Amino acid sequence: FLVCAGLIVASVSLFALTAKEPRADFTYVNPSGIHTLDPARMSWTQDFRVALNIWEGLTTWDPKTLSPIVGAAVFPPDISPDQLVYTFTIHENARWSNGDPVTARDFIRGWRRGMEPGTATDYTFLFTDHIAGAAEYVHWRNETVAILTATPVDQPALRESVLTSHGGDLDDRFDEVGVKALDVRTLEVRLKRPCPYFLDLTAFPTFLPCHESIELLRERHHGLPITAQGLVVYDPQWTKPDYHRNNYRGLVTNGAFMLADWTFKRRARLHVNPDFRAADSETQRRILSAK
């Protein structure tokens, strides 16, 4: 009886402590639970809705007209006369929720995850259809994964030879894709053909950036940046705000809000990101003053 009573008291005390969280300034109901907050893998509207609160692409969409407007980069970008080369300059004050500056390589990292077998899903075609060299890179990657899949498990030496050669060529082959960091804050994108809605695409969740800390949770085979199957795989818990495996400090995002708590299939709570580049805007001032 005493043990049961003690457990009940402890449970009630814990609930009382957690129940003191202040009421949210704004609450809304998603059509269903969040499936994933990984931008490279999401394809559901309810996931997009949360993602675009906590991340910011090179551009965003005007909430009334849905036209592309300023995002993490200066708007509009420089566009070559033939409309094939877009040069984006990331705002000097663009910051991640941990205070780190947002860089061109952060966008390359996020976009590459949308192309890699293992992280890429439904929207890979947005890269392969439009960005120069993307289709060739994805084909090369998928072809090697198919070879590894077809290689008998009783031929480990052959598998290791293919993996070592392929893994060593990854970055060199990706350098042929039309996304280049000209410097820390300048991203150059080369298209296969003119795309009049490309600035709409750069606001889409699959084109969001990814903080370098995710590399702490990357699976590696014998030091290679891929698994034994040739895939790019990360610990799926990386989108949790309180996940700390392998010195990972939890999800880092660059949007107006940051993920404070996420109970799968129940609720997600967002807090204002004080490091957001537009934190001094009128809207953000109103939000911050209400806290």
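Trainee: How many residues does helix α5 have, and what distance does it reach from its first C-alpha to its last?
Mentor: This is a predicted model. Helix α5 runs over residues 134–150, which is 17 residues. At 1.5 Å a residue the expected span is 24 Å, and the helix comes close to that, with a reach from first C-alpha to last of 24 Å.

Trainee: Around the axis of α5, what arc do the buried residues cover?
Mentor: The buried residues of α5 are A134, Y137, V138, W140, R141, T144, V145 and L148. They lie on the same side of the helix, because around the axis they cover an arc of only 160°.

Trainee: Which residues are exposed on the other side of α5?
Mentor: The buried side of α5 has cover from elements that include α3 (104–113), α4 (125–128) and α6 (156–174). On the other side of α5, the exposed residues are E136, H139 and A150.

Trainee: How many of the residues of α3 are buried?
Mentor: The buried residues of α3 are A104, D106, F107, I108, R109, G110, W111, R112 and R113. Their cover includes α4, α5, α6, β5 (179–183), β6 (186–190) and α7. Helix α3 is therefore largely enclosed by the rest of the structure, the count of buried residues being 9 of the 10.

Trainee: What is the N to O distance in the salt bridge of R109 and D106?
Mentor: R109 and D106 both lie in helix α3, 3 residues apart, which is about one turn of the helix. Residues three or four places apart point the same way, because an α-helix has 3.6 residues a turn. Both R109 and D106 are buried. Their side chains meet in a salt bridge with an N to O distance of 2.8 Å.

Trainee: E215 forms a salt bridge with R220; how far apart are the closest N and O atoms?
Mentor: E215 counts as partly exposed, at 24% relative accessibility. R220 is also partly exposed, with a relative accessible area of 46%. A salt bridge needs the nitrogen within 4 Å of the carboxyl oxygen. For E215 and R220 the closest N and O atoms are apart by 3.8 Å.

Trainee: How many residues apart in sequence are the parts that R245 and D235 tie together?
Mentor: R245 forms a salt bridge with D235, and the closest N and O atoms are 2.9 Å apart. Both residues lie in the loop between α7 (198–201) and β7 (257–263), so the pair ties together parts whose separation in sequence is 10 residues.

Trainee: Which residues do salt bridges that share partners join into one network?
Mentor: A search of the whole structure finds 10 salt bridges. Those that share partners make one network, and the residues joined are R112, E116, R141 and D171.

Trainee: Which residue in the turn between β7 and β8 has a positive phi?
Mentor: β7 and strand β8 (residues 267–272) pair in the antiparallel sense over 6 bridges. In this pairing M258 stands opposite H271 in β8. The two strands form a hairpin with 3 residues between them, and the turn residue with a positive phi, about 65°, is K265.

Trainee: How many residues apart in sequence are the parts tied together by F48 and Y123?
Mentor: The search of the whole structure finds 15 aromatic pairs. F48 and Y123 form a tilted pair, 6.3 Å centre to centre with 50° between the planes. F48 lies in helix α2 (residues 45–54) and Y123 in the loop between α3 and α4, so the parts tied together are apart in sequence by 75 residues.

Note on methods: Residues numbered from 1 in each chain as written. Predicted model: local features only at pLDDT ≥ 70, side-chain atom pairs only at ≥ 80, totals over all residues. Heavy atoms only, no water. Helix = DSSP H or I, 4+ residues; strand = E, 2+ residues; numbered from the N terminus. Expected span 1.5 Å × (residues − 1). Buried < 20%, exposed > 50% of the residue type's maximum accessible area, 1.4 Å probe, protein only. Arc of directions from axis to C-beta. Contact = heavy atoms within 4.5 Å. Pairing = 2+ DSSP bridges. Phe/Tyr/Trp six-rings, centres within 6.5 Å; stacked < 30°, edge-to-face > 60°.
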